[in-house]
Amino acid sequence: MTEEMLRVREEKLSAVCDANTQLQMRCLQKTHVEINSLKDAALAVPEILGMALEAEQTGFDAVGLYCCSDPGIGACREILEIPVVGAGQKAVLLAASLGYRFSLLCSGGARVYEKRHFIHSTGIGAERLASVRGVNVDGLC
C-alpha cells in the first residue's frame, strides 16, 4: 500500500473517531507479503509482533489489525498490555449479530479455506456460516 493510500485510509477512519483519538496506519516494510493465504499470514506475524511491541513501547493506547485475517492477533494479545482489536474478527462477530447465518466474500477461490479457518477461530459455529465465496476481485478481502 502506498503512503498516499495509507493517508487516505487514515483520514476516512479518523473521521469516525472521537476528536481526541489519534490514528496511525502502518504497513509491513520488511516482509513484503500481501496476505492471501495462511502461509502469507504466518510469514507476516513476526513483523506484526515487532510493530505491535513498538507501538506499545512508544505510548500507543491500542493496536488494531487492519486485515480481514487478523494475523497474529492471539500472539499480540499475549505479549501486549494494551488492547488489540482485529478488524476481521469484529466484522465476523458483527455479521453474526445481524442475522442467524451470514456469508463472506473474498478475493478468490484460493482464499476460501483460509477464510473458513479464520471464521472458525472467532468462535462462530459452522452452522452460522452460510458460505465463503471467492469472487476473483483483487483487494476485496
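These legends describe close-up views of one predicted model.

**View 1. Confidence along the chain.**
The model is predicted, and the mean pLDDT of the chain is 89. Of its residues, 96% reach 70 or more. Confidence is lowest in helix 5, with a mean of 88, and highest in helix 3, with a mean of 96. Where pLDDT is low, the predicted coordinates should not be read in detail.

**View 2. Helix 4 and its buried side.**
Helix 4 takes in residues 87-98, twelve residues in number. At 1.5 Å a residue, helix 4 should span 16 Å, and the 17 Å between its end C-alpha atoms agrees with this. Its buried residues are Gly 88, Gln 89, Val 92 and Ala 96. Because these cover an arc of only 100° around the axis, they lie on the same side of helix 4. Ser 97 and Leu 98, on the other side of helix 4, are exposed. Two helices and two strands are the packing partners of the buried residues: helix 3 (73-79), helix 5 (112-121), strand 2 (84-86) and strand 3 (102-106).

Val 112, Glu 114, Lys 115, Phe 118 and Ile 119 are the buried residues shown in helix 5. They sit on the same side of helix 5, because the arc they cover around the axis is only 160°. The face turned away from this buried side carries Tyr 113, His 120 and Ser 121, which are exposed. The cover over the buried residues includes helix 2 (38-57), helix 4, strand 3 and strand 4 (129-134). After helix 5 comes Gly 123, with a positive phi near 95°.

**View 3. Salt bridges around Glu 114.**
Side chains of opposite charge can pair when their charged atoms come close. The structure holds five salt bridges, and two that involve Glu 114 are shown here. In one of them, Glu 114 pairs with Arg 111, and the closest N and O atoms are 3.1 Å apart. Arg 111 and Glu 114 are both buried. In the other, Glu 114 pairs with Lys 115, with 3.4 Å between the closest N and O atoms. Lys 115 has a relative accessibility of 0% and therefore counts as buried. Glu 114 is buried as well, with a relative accessible area of 3%.

Arg 7 and Glu 4 form a salt bridge through their side chains, at 2.5 Å from N to O. Both residues belong to helix 1 (residues 3-14), where they are three residues apart, about one turn of the helix. An α-helix has 3.6 residues a turn, so residues three or four places apart point the same way. Arg 7 counts as partly exposed, at 37% relative accessibility. Glu 4 is also partly exposed, and its relative accessible area is 44%.

A disulfide is a covalent bond between the sulfur atoms of two cysteines. The count of disulfides in this model is zero. Cys 27 is in no disulfide, and the nearest cysteine sulfur, that of Cys 67, is 10 Å away. The cysteine sulfur closest to that of Cys 67 is in Cys 68, at 6.9 Å, which is too far for a bond. Cys 27 has 21% relative accessibility and so counts as partly exposed. Cys 67 is partly exposed too, with a relative accessible area of 22%.

Arg 101 is placed in the loop between helix 4 and strand 3. In sequence, Arg 101 and Arg 128 are 27 residues apart, while their C-alpha atoms are 4.5 Å apart in space. Leaving aside residues up to four places away in sequence, Arg 101 touches Glu 127, Arg 128, Leu 129 and Ala 130.

**View 4. Two loop residues with positive phi.**
Most residues other than glycine have a negative phi. His 32 has a positive phi, near 50°, and lies in the loop between helix 1 and helix 2. At 66% relative accessibility, His 32 counts as exposed. Asp 70 has a positive phi near 45°, and its place is in the loop between strand 1 (63-65) and helix 3. Asp 70 is buried, with a relative accessible area of 3%.

Technical notes. Residues numbered from 1 in each chain as written. Predicted model: local features only at pLDDT ≥ 70, side-chain atom pairs only at ≥ 80, totals over all residues. Heavy atoms only, no water. Helix = DSSP H or I, 4+ residues; strand = E, 2+ residues; numbered from the N terminus. Expected span 1.5 Å × (residues − 1). Buried < 20%, exposed > 50% of the residue type's maximum accessible area, 1.4 Å probe, protein only. Arc of directions from axis to C-beta. Contact = heavy atoms within 4.5 Å. pLDDT = per-residue confidence, 0-100. Disulfide = S-S within 2.5 Å. Salt bridge = Lys/Arg side-chain N within 4 Å of Asp/Glu carboxyl O.
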